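Hello,

Here is the structure I promised to pass on to you. My notes on it follow below.

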Amino acid sequence: MMCSADDELPAVACFSLKHFTVLAATMDVAVMTSLAPIRCSSVSPSRSLSTSMASSSPPFASGPPQPRPWFSPTPDPNVAGAAQNSQIGRPQTSSGAPPPFAGPTLASSRPGPPPPFSSRPPPSGAVPQGPIASNGPPVPGFTAPRIPPTPSVQKAAPVGTPASIRAPPPSATASQAPGVRPFPGSPPAGASLTAHASPFVGPPASQPFGRPPAVQSPFAGPPTSQPSFTGSPTSQRPFGGPPTSQPPFAGAPTSQRPFAGQPTSQPPFAGQPTSQPFSGPSAQAFTGRPTSQPYTGPLTSQPYAGRPSSPSYMGAPASQPFSQPPTMGTPFGVPAWPLQPGQVAPSMPGNVQAPPRMFGMPPGMPGQSMSPVPPAMGHTPLAGSQVSTPSKIDPNQIPRPMPSSSVTVFETRHGNQANVPPPATSNFVAKDNGNCSPRLMRCTMNQIPCTGDLLSTSSMPLALMVQPLALPHPSEEPIQIVDFGESGPIRCSRCKGYINSFMRFIDHGRRFVCNLCGFTNETPRDYYCNLGPDGRRRDADERPELCRGTVEFIATREYMVRDPMPAVFFFLIDVSMNAVQTGATAAACSAISQSLADLPDGPRTGVGVATFDCSIHFYNLKRASQQPLMLIIPDIHDVYTPLHSDIIVQLTEYRQSLEQLLENIPSMFESNKVAESAFGAAIKAGFLALKPTGGKLLVFQSVLPSVGVGSLSSREAEGRTNVSSGDKEAHKLLQPADKTLKTMAIEFAEYQVCVDIFVTTQTFVDIASISVVPGTTGGQVYYYYPFNALSDPGKLYNDLRWNISRPQGFEAVMRVRCSQGLQVQEYSGNFCKRIPTDIDLPGIDCDKTIMVTFKHDDKFQDNAECAFQCAVLHTTVYGQRRIRVINLSLPCTNMLSSLFRSADLDTQFACFLKQAASSIPMSPLSQVREQIINLCINILYAYRKFCATVSSSGQLILPEALKLLPLYTLALSKSIGLQNDGRLDDRSYWVSRVASLSISLAIPLVYPRMISIHDLTTREDDGSLLSSNIPLSSEHINDDGIYLLENGEDGLIYVGSMASPETLQKIFGVSSVDGLPSQLVLQQFDNDLSKKLNEVINEIRQQRCSYLRLRLCRKGDPSGLLFLSYMVEDKTPGALSYVEFLVHVHRQIQNKMS
């Protein structure tokens, strides 16, 4: 009911902001206040007031809760039709397509207002041209499609018998002319096809990384014009949710042994592993750092040797992960917003390079040894060279990571045998020959112990790291889609495992034996095919599910209890006084506004916006040619929301209104004096808005939640006191303050609402309590402390852009199955678990990793194979249900030496890291440090006792595959999460981040990469600007040098006190160290060194899929101490140096041996 000025109104409380007046009802009724006309260039001081009281009819959504999508029984899981397959992702490269490692490509820009965060354009020719792939349908004005059409599917013509009904081979399918196979919920047809579009090409590559200027307003955000995101095509997006019929992840393993396949005549990894002993000072002088021997790996068609001309790759493919969008008049996507003198956009590197291989020292030669380990010796803390003694180990000869820029080809299987994968941090192209790509799933050991006793003897963990939607290398073949029609995919009738290349067909193809439980199933008539002389089906190479380790099945209606959910994004913005004054509100509004262009285009994509301080403000945009209405919810203890249809609108129809609202919010609340934050009530209200459909809730929080449901009190001062006094209960401050938010989060997960929180703060916000919500709903926490309005809006925008445009899915359920003899012990990651066998993932994306640990419940036969299968059911952002099935089969062994030879260092360390993070809130830090060090010692002791060939007790012998484990263990014990000093929020964020961290980022988190940048133009690069890593020891830092240290999220630039004025002028535009700014906004000047540095920064951002928050550190002030705290090889108060730690490990092993 609309009220005029003469109408009688109930009692109201009136408060005034600068440009409008809001009437907030004292009763629990939403008041709708008309906002002033949205301004484009100026704002009129006068505001019209149009107030409406809620009518007596119920304005708020109600009704019984909808059931969670789940699995309902399948009448007959074996009924299936002839499979049809297509490819996920990019079409086959045409003859005119660029090479797989070509530089990033660009899209034309759309008109838009001048962006505020950037630099002036790079020199002519610095930015290549070309179309880009992205994750949405084409938009007028773009040179490249936002989404390629679904690849064609060719149905094989029947030849008369079921045996002849087969899907076309991948090569045949790929060679078809591009076509569209319609399916429910697919993106709009008509998207043009880019010949060289690649699957999951990662973050956008079209523009350079923009940065905010140092003078102009830092709050306006990136420009409104936004290029399409170079994400994955629709046909390859692996998203979805749980099925609704027969539990596809159900069924207990049976007592039968799994089928082991053709046994090999001898163990595939027989023989004693090589070892690298440490014995005393060598008589021969050390002449330099040893060069790493090329990793030749298992027998593959292309060995790990040589240095191909192709640039290396890691993380996101050749496209640029984060960039500021283009504006009108810049055909190459170069930003054109206000600039500081001399500030330009960094030129894009032409290639994507790899991070350090982290593989280690060259293998020990026969008889190679080092001198006996001496007693602990002095080491200058944090500075200077180490003290030298006659019996000291040469620090230059101890194991350290050795970077490599070469690209290798890895075949997952060769000769019916699994190959040992290359390190997770190396640069490789995986060729799926039956086992999945190691990027998707890899094990801590590449041979499985036959018994639990053998596993216990080794002291190594048995676990899988599963990253089901991981970005592939651009040169890898796309994952293929298989459609079995109405009958659904073929499955084992006992364990419900999905058909895969390791299931053995018998009785002329009439039956097949499950490789997981050993049960013999009848082959459906329309799936029958004769067997060849080798016992394989004659059509095995033509069916992706029978020859590939990873496939994606189209889910049928039996896997749904409701229609697939749409892609809905709801943004919650903190407008409390602190958020407004620090610029966090303006930065959030700007980032959201510019990211709207990256949301999935489609008629079902919905968007909503709300703001909150001590009350919650919704906005109704469904008012044709009228001002939007603000709907205020004053009750923050019993939260309710307006009608779902009023506050969530279709993006395609209301995008302009959304952009105008977001532009106006900072000025509307610029005089807000409310300091309290009703965070708990706000996310509850956002959940109620998303409850009918599910979706993503993105929250921008700046202060400690202090009022309403889920309010918290400051525990920071108490935490500092307890830690400094050695309180044994100090770790409890890293646990949630109460169970309120956890209870809410479980309800969010039940209705498929995923929460991401962007913490833009300068104070304590109790991340230990807040992070429970994203940790339970499949989301994550982004942490910007202390938030700076000059340097952080660029990272905030790029983080948000990647969050909403990366390959992802909704309402997912995941289960891991394994062969009889093992059973799943525990899942670890960001998810909700309500039943023992499955985990619920309201949101899943390409960056999330789930750890799965196993234990023995039976014995394996030697030379048998142990199979693992991960199935993820999910809904794509375009509303199609899919089942991604990932298979890995590994040989079993009775030889302990084979376990150590096949150990996977990166995966084992990621397992240690996640176990330590989960223990930090439960145990004192000293106890956690002792546990991880003892774990390392026990593993090396088992190798020394049972496998080492050298018998002298005076030598420290390390297994070749795990020789860097002591270094990484030491680095972990000195990391932010395990340091005694430090802020509670910093440690809580570290724990939260580790929970879902990928393997490739686990080692850089604790052992960052450090390179010198003062000599970028003079040193030889060997194919990559990042190939010359420096050990993390202060003795390698010179006073006249400038260094960059990055851990995947933060980048620290350290400037020595004697740095050359000429170098300072080239990089920073100042001539002395004293002239350096306190806040770093990296610029690009017209000189080779500055250009090289910007190329290095962009190359790292591409690899890490992170914008890399830059900080400037100077020797002699607190920022310099922060940089030196990452020198993990140095001796620090209360912690050993690397050499001393090796001495300690050796002594502990000697004590166990005696």
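Strand E13 and strand E14 (residues 511-513) run antiparallel and are joined by three bridges; strands here are DSSP runs (E, at least two residues), helices are runs of H or I with at least four, and both are numbered from the N terminus. Isoleucine 506 has arginine 511 in E14 as its bridge partner. The open sheet has three strands in the order E13-E14-E15, with antiparallel pairing (two strands pair if DSSP finds at least two bridges between them). Its edge strands are E13 (504-506) and E15 (520-522), each pairing on one side only.

Please keep in mind that this is a predicted model: local features need pLDDT of at least 70, side-chain atom pairs count only at pLDDT 80 or more, and totals for chains, interfaces and linings use all residues. Residues are numbered from 1 along each chain as its sequence is written, and side-chain values use heavy atoms, leaving out hydrogens and water.

On to the helices. H5 (residues 584-595) and H7 (residues 651-668) pack at about 170°, their axes 8 Å apart (axes are lines fitted to C-alpha atoms over the stretch in contact, and angles run from 0 to 180 degrees between N-to-C directions). The two are therefore roughly antiparallel, the word for angles over 145 degrees. Contact (heavy atoms within 4.5 Å) is made by Thr585, Ala586, Cys589, Ile592 and Ser593 of H5 with Glu659, Leu662, Ile665 and Pro666 of H7.

Happy modelling!

Technical notes
Angles under 35 degrees count as roughly parallel, over 145 as roughly antiparallel, 65 to 115 as roughly perpendicular and the rest as oblique.
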